[in-house]
Amino acid sequence: MQRLREDITCFICLNVLDDPVSIECGHNFCRGCLEAHWSGVSAQGSQCPKCRASCSRDRMIPDSQLRALVEKITEPLWEDMEPQGPGAQPEPGRPVQLVRLDEEGGLTLDEEALSRCLEQGGVWDSPVCLVSIIGEQRRGKSFLLNYLLRRFRSPEAADASWMGREDEALGDFECRAGTATVTRGMWMWDKPLWVQDQGRKVAVFLVDTEGSLDLQRHMETSIKLSVFSILLSSYWIFNISSTFTRTEADYLEMFIQVAKEVGETCNLPPIQRLDLLVRDWQPGPCGAYGADGGQEYLRDITRELEKHSVHHLALGALRASGTRCYLLPHPGTGFTKSRAGTPGDMDEDFRQCLWDYITSVVRSAGTHVRRDRAGRAMRGARVADRIKVEMVPSPPLTPSPLPPQMAETFAARRQEENRRAVEAARREYEQFVQEQDRGHHSMIPCLRVDPEEMQRQLAGKCREVLKHCRGELLGEDPQKQAALEKLEEELYRQTAQFLPAYGQRFKE
């Protein structure tokens, strides 16, 4: 089958031959591809795009036998796309892991799993839309993918029945409450979710990625995860919490920088479709949720970025015609306490906005197929081949050197996050000391806790704060240790200022 597929593949577009023609050297191409190729070269001395033999432009001969072969091979594959028998339902599918992440940060591509997804049935010769949610870890990406999956399964439902029963928990892409990472590496739903667009069938795939560009891991590993996310996406949803801050601007700037590098190497557009999805949005007195409020907020973001002239790539992406913003309200305390993510736990305004946003993504997915830089739709087999060519070998991948500006931005962002963690720890200890000071200004409370006991209490709080801060710090151990030593000096200074005054009051 693989050799037959090669025989009916156009050398120019790498898709199945469409209106195949033969030229004098014996090679075959799509008529449109060959005409477009020759129109870009001199009228004299036309050559075969494959073997470079001299050919005459007026000797393109329609190949009816090859056309018949294409139809014979592709017809059963298209039949495989449809459920068989009256009332038959498509196979349910499951998430499969495409990229594995080991303890040392190495990444391994599972080529067999990739082929099962993108080269199965009619997918290999169909345009594909790849929906991927990007952003930091633990921001509810798997939750959104589960509801996208439910909507794709019931695209015609006019009511909210597709969201599931009131008590129906999510169970396809793994997700749960808490701070621990659930998704490891990259996963894809292994069955296509078919949609119609302008009379053609488009295979949609949902991609679940561990938080790319996560500051907690090695920068090279985060960048490499982003490369996979870019290769396996045509529709990006940038999922953020509450508001678009400098951190989100830095993240988007780095992601687009990676996308540009990948696009130049792999002949792909850096960004095709980008949604900025703001979760847990708190509107002002006259504010609104949804798409209308989102577009207004998007204008506010771009105006703010224009003032600083730092995030040029992010600003360009947010200004692009293919970008929109959507504001989702907080799901409600019942939802956050339940940990199950059922429709019945959601506040009504959140449920309505979720219904609206997910539906808009599903209804537009067919228009956002993966394309190359020339604007040509890429079929499933071509997307798979491109990933294999760029990301092989299969052993853990070694990242290429990073642009210095990207490395500097990544390091600066990590440093800023560490500064915030240290400052929060310092304020916590300072507040504790102030509470002890206020509570023991009068003589009687002061007599209840002698200076030695107070010193022990402060030492215990100091250890608690340092331990918590260590867990919040990012980067390598030497960087963490330096920040902790600086914090410890500050806590010791606060203690040294408080204890002598407290001891004096105790003596009096």
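Guide: Buried means under 20% relative accessible area. This is a predicted model.

Visitor: Why is phenylalanine 350 called buried?
Guide: Phenylalanine 350 has a relative accessible area of 1%; the limit is under 20%, so phenylalanine 350 counts as buried.

Visitor: How do you know that phenylalanine 335 counts as buried?
Guide: The relative accessibility of phenylalanine 335 is 14%. The cut-off is under 20%, so phenylalanine 335 is buried.

Visitor: How many aromatic pairs are there?
Guide: The count comes to 7 aromatic pairs.

Visitor: What makes tyrosine 326 and tyrosine 357 an aromatic pair that is tilted?
Guide: Their ring centres are 5.0 Å apart, with 45° between the planes. Centres must lie within 6.5 Å, and planes under 30 degrees apart would be stacked, over 60 edge-to-face, so the rest are tilted. Both tyrosine 326 and tyrosine 357 are buried.

Visitor: Why is the pair of phenylalanine 335 and phenylalanine 350 called tilted?
Guide: The angle between the planes is 45° and the centres are 6.0 Å apart. Phenylalanine 335 lies in helix α10 and phenylalanine 350 in helix α11, so the pair ties together parts 15 residues apart in sequence. Ring pairs also link Phe335 and Phe350 with Phe143 and Tyr147 into a cluster.

Visitor: What lies over the face of tyrosine 147?
Guide: Arginine 150 does, at 5.2 Å from the ring centre; the distance limit is within 6 Å.

How values were computed: Residues are numbered from 1 along each chain as its sequence is written. This is a predicted model: local features need pLDDT of at least 70, side-chain atom pairs count only at pLDDT 80 or more; totals for chains, interfaces and linings use all residues. Side-chain values use heavy atoms; hydrogens and water are left out. Buried means under 20% relative accessible area, exposed over 50%, partly exposed in between (1.4 Å probe, protein chains only). Helices (H or I, at least four residues) and strands (E, at least two) are DSSP runs, numbered from the N terminus. A charge sits over a ring if NZ of Lys or CZ of Arg is within 6 Å of the ring centre and within 35 degrees of the ring normal.
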